[in-house]
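Here is a short briefing to read alongside the model. Have the viewer open as you go through the points.

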Amino acid sequence: MKMTRSWDRAFLHKGLGVRRILILAILSGGIWAFVQLDLNPADLVPTSGGVQVAWAFFSRALSPAIVYEAEFVPSDTPPLLWKALQAAGTTVVFASAAMSLALIWGLLLGFLASSSWWVGDPAGGAGNVTAFVRRSIAPVVYGSTRVLIAFMRSIHELIWAVLFLAAFGLSHLSAVIAIAIPFGGTLAKIFSEMIDEAPRDVAHAFRGSGASATHVYLFGLVPRALPDMTAYSFYRFECALRSSAILGFFGYPTLGFYIAASFENLHYGEVWTYLYTLLVLVILVDWWSGALRKRFVV
Amino acid sequence: MMWSVNEGNRKSQGRTSSSRGASFTLRKSSVVFGSTVALDSVDLHIGSGEAVGFVGLSGAGKTTLLCLLNGTVRPTGGTVQVDGRDLATLSFEELRKVRSGIGFVHQDLSLIPNLRVLHNVLAGRLGKLSFWGGMRAFLFPQRRYVHQIHEILERVGIPEKIYERTDRLSGGQRQRVAIARALFQEPVGLLADEPVSSVDPARARSAVSLLTEISREQGLTLCVSLHNLHLAREFFPRLVGLRAGRVVFDRATEQVTEDEFEALYDLNGV
């Protein structure tokens, strides 16, 4: 075996150096944040009153309520489980409406925010309208779309909800749009990146057979990214379910509304019933997306 | 095998004069990528309906030459003419039109794995369709397209796969899908880049055989790059030898000497 010469060694070690520094930097960044926040494990030891509340709440985890815990229940109130089911239904309806809007925005803005549709033909083309659009209008559209979707994403759905409630009151549309804006922005960002990262072989082939730039984009690039886009949309639907449930805290009849009400009345068994309903919803969506993925994606 | 050909007319030299095939003319065409010279001052004329094999080592410039012919690579020097029209003088729309008439079977096949065979073949027609025409064809394919595609798939030997997902097919079947897509363009010229590299030797032979046979039937001009000299000599009446971006011979197959073939594939002094 040959001895490693000194300049070889310098070359070999240089390749490792950057990575080592990066790993150390990430680790020390985490530690710095902990120190900065003065995080202390002793904070997790509850006060004596807190222990009681925590015990009262968590002890009901294994025995969620089947019937109302209140002593007086008006005679026209539907049974608890039926009410949980209705709340779950409302949660799904809000989430579906918001996701439908978000998907439309995500696809449109994702198209404008991807660079694939306006990057020119590798062989170039003689100057005409298309070339002008590519060279001068497209980069502006691309840049401003990126800023727009960053803005949509950077504000949480709860903050959008607060704004819309103040402006329009407790209308269903306020809740749907509040969820749809940040979700549309996130979908647009991820879609555009998935499309830009999709393999270009097919797009190149389509261009070679005379397909227009929009056809190349829609039929050469999007289908290659479609499995990933579908899987991601399902994941976002799950997130939309959670957000839709949380909007109940503002008074919408989704699961969050009943969770908040039961919690305030110290009916922890009911809280668990609603929480488990939400859990079942998320598991159902997960199972559904898994089944679809097996069929279409694999 | 339905595509096997009868030995006698495999290398048919005489083509019908009414051939609708495209003609290609290269004059002093060079292609330089950065500091690499891919093609160096190539002069070449391929007449309507001819079948030509491009042979040489990998890296000799065969793929670049094919890409010049359908205008996906621009020459950095010299001119490329298709049917007598200089590609550099065409508008983008005119160039698209020329491209839509030239089918290209890529080495990596460039198919969409998660779509059905039908849609992959359908994509061949996009160059001839308007925006809405393409949308309609892709989302709600017309019956007449489906029938045409079925006929083409029958011709290439896999009609029963029309509704199969492309990634469920074997390598040989996928290659036939790529050929079918090129044919659905209703092309006047057919280009194929190493149609043997993605399949085993037996299928390689049948793929080349299929390409030459279909081109002859339809009067298409055919250019195929091959590093397998054996197949090239068997199926093509004319061979163009490339080495380091230059044409080292260009003549009827039986006139190429053994020494020339050996020099072409000599690994020393590349």
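**Where the chains meet**

The contact between the chains takes 26 residues from chain A and 28 residues from chain B, where two residues are in contact if their C-beta atoms, placed from the backbone, lie within 7 Å. This is a predicted model, in which local features need pLDDT of at least 70, side-chain atom pairs count only at pLDDT 80 or more, and totals for chains, interfaces and linings use all residues. Residues are numbered from 1 along each chain as its sequence is written, and chains are lettered from A and ligands numbered from 1 in the order in which they are written.

**Chain A's side of the contact**

- α4 (129–154), α7 (201–208) and α8 (213–246) of chain A are the elements that give two or more residues to the side touching chain B; helices (H or I, at least four residues) and strands (E, at least two) are DSSP runs, numbered from the N terminus.
- That side of chain A divides into twelve nonpolar, eleven polar and three charged residues (Ala, Val, Leu, Ile, Met, Phe, Trp, Tyr, Cys and Pro are nonpolar, Asp, Glu, Lys and Arg charged, and the others, Gly among them, polar).

**A look at A:I259**

- A:I259 sits in helix α9 (residues 255–264) of chain A.
- A:I259 is buried because 23 other C-beta atoms lie within 10 Å (20 or more is buried, 12 or fewer exposed, in between partly exposed, with C-beta atoms placed from the backbone).
- Leaving aside neighbours within four places in sequence, A:I259 is in contact with A:G248, A:V271, A:Y274 and A:L275.

**Chain B overall**

- Chain B has nine helices and ten strands.
- Of its 270 residues, 45% count as buried.
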